[in-house]
Amino acid sequence: LAHVTARSTSATASATVAAGPGPRWLRLGLAGLAVVYLGALIHHPPDTAWLRPAAFFTQATSLFPRAAVYAIEYRLEVWACGRSWEPIDPRPYFPIEPDDKESRLQRFGYFYEHDRPALEALDRYLSARHPGTDDGVAGPIGGIRLVKVVRPLPEVGDPVEHYHFDPFAPIPPKQRRDIYYTPGPERKRRCPGS
Amino acid sequence: MPGVVALAGRAGFGPRPIARLAVLRILAPLAILGFLASRIHHADDWLSVAGFRVPAGSDWRQPLSLPALPVWAAWSVAAALIVTGLATAAGAVTRWSAAAFAVLLTYVALADRLSAFTVSKLAPVIALALCLAPSGARYSVDAWRRARRDPSAPRPTLVSGGCVSFFQFLLPVFYFSSGIAKAKGDWLEHRYLLWTQLHDSYQTAVSWLFANHLPPWLWTVIQGAVLAFEVGAPLWFGLRWTRPFALAFGLGMHFMIGLMFGPVIWFSLLMITLLVGSYAPERWLTRAFERLRVPG
């Protein structure tokens, strides 16, 4: 940087310099804030209620720190009234980046798989919007089931599968983890007469 | 000692070529908008009451619980993001457009944790830095209009203060922090960590091909090189003689990340923008503006 600066400085006399905002004290203050931000990227602020929004914007650098042990994806099933559990296509409900793990459903599963109130909110959301949504299951539903598919990785050097998101693909029993399901009595209540 | 302080002062606050700032102003908002495009396309699902919302207070990690917007307001935010982002890139009413862009980016990052990624967190800071710097002073609609009003007015070739050095420092600090997180994670213990990342929905045709055909030891070599680059970034970018190699390595690394990890391409493009704007040879940038006949 010093080299770049020295070269630039020698040319300053003959060049016009666009200034930053405001008086010198303001620019120095902004430089101080920049230093604090850069420091916080390395040493994140404490996660207290007041500092949490600021800390959130500095927790950006921890990229792929851990080895993956499984390839994970989340699937949805619904209790079709009078029938049984059937897989649905979650993409009409979560249309942003629908086929990869930046989908809001995949992120939801990752962040909230142990959070009962959040899972119940998902249940309410899907159950309310199912009528009129083309998700692959026709007719009324009594509830939902969120499933985590845990696929072990092959041994290093073995052939690697070409990944393709298929919400209806069969799930091998060993790879299946049921994260949440609408309780039986509630399913019955929502499916009167079936 | 005073000499060292003066040198450090010049390194931090000495004038820089304004072409660097212009490159950052033009390309960074475009990369950010590219990242946001799929969210903006479904703004109602993203920000409004029409989409799924995690209940407030359900997650202690959620930095702020913001209520969902009415559908019309979500579409308005999406439209405003496009307008202010493009205006910032064009350098039109730059300070105001970049300020509005920064505010909107902050809002959307906080509004939906499910859609917040590294780009979401970096973007408001970048937009704010572009707002505070005189980033519309050259190669912009603002500069073009100024020149039309007063053709004899001088056109700045340098920019003062930390306007560019903020970005120049941001990169090595970011890499260093990332490298430390990796070293504290599994990168020093798991020889095939990179290879383990190639099996899920981030997989592309390129990464699938490489996963099947590259010899396993090569993943360990690449992993080691990435870790050494990131942990040593302050040194590689700080020293004059290693800087070109650091730039080349960083560009190559992000190019490969973009090719091999599908949706991460926008993060890669943003980092490539920061690398080029901050560290590419000045004459390349100036020549690019001349060749493209960018007005102002």
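Aromatic pairs first. I searched the whole structure, a predicted model, and got 22 aromatic pairs over all chains.

I picked out Phe64(A) and Phe261(B). Their ring centres are 5.6 Å apart and the planes sit at 35 degrees, so I noted the pair as tilted. Phe64(A) is in the loop between α3 and β2 of chain A, and Phe261(B) is in the loop between α13 and α14 of chain B, so this pair joins two chains. Is each one buried or exposed? Phe64(A) is partly exposed at 31% relative accessible area, while Phe261(B) counts as buried at 10%.

Next I looked at Phe35(B) with Phe117(B). The centres are 6.2 Å apart with planes at 75 degrees, so that one is edge-to-face. Phe35(B) belongs to helix α2 of chain B and Phe117(B) to the loop between α5 and α6, so the pair ties together parts 82 residues apart in sequence. I found Phe35(B) buried at 3% and Phe117(B) buried at 13%.

Phe117(B) came up again: Arg107(A) lies over its face, 3.8 Å from the ring centre. Likewise, Lys101(A) has its charged end over the ring of Tyr202(B), 4.4 Å from the centre.

I also noted one aromatic cluster, whose members include Phe94(A), Tyr125(A) and Phe52(B).

Then the cores. The largest nonpolar core has 90 residues, and Leu81(B), Phe166(B), Phe167(B) and Tyr175(B) touch the most other members. Helix α2 of chain B gives the largest share, 13 residues. A second, separate core holds 24 residues, among them Tyr125(A) and Leu114(B).

Key. Residues are numbered from 1 along each chain as its sequence is written. Chains are lettered from A and ligands numbered from 1 in the order in which they are written. This is a predicted model: local features need pLDDT of at least 70, side-chain atom pairs count only at pLDDT 80 or more; totals for chains, interfaces and linings use all residues. Side-chain values use heavy atoms; hydrogens and water are left out. A nonpolar core is a set of buried Ala, Val, Leu, Ile, Met, Phe, Trp, Tyr and Cys residues joined through side-chain atoms within 4.5 Å. Buried means under 20% relative accessible area, exposed over 50%, partly exposed in between (1.4 Å probe, protein chains only). Helices (H or I, at least four residues) and strands (E, at least two) are DSSP runs, numbered from the N terminus. Rings of Phe, Tyr and Trp (its six-membered ring) pair if their centres lie within 6.5 Å; planes under 30 degrees apart count as stacked, over 60 as edge-to-face and the rest as tilted. A charge sits over a ring if NZ of Lys or CZ of Arg is within 6 Å of the ring centre and within 35 degrees of the ring normal.
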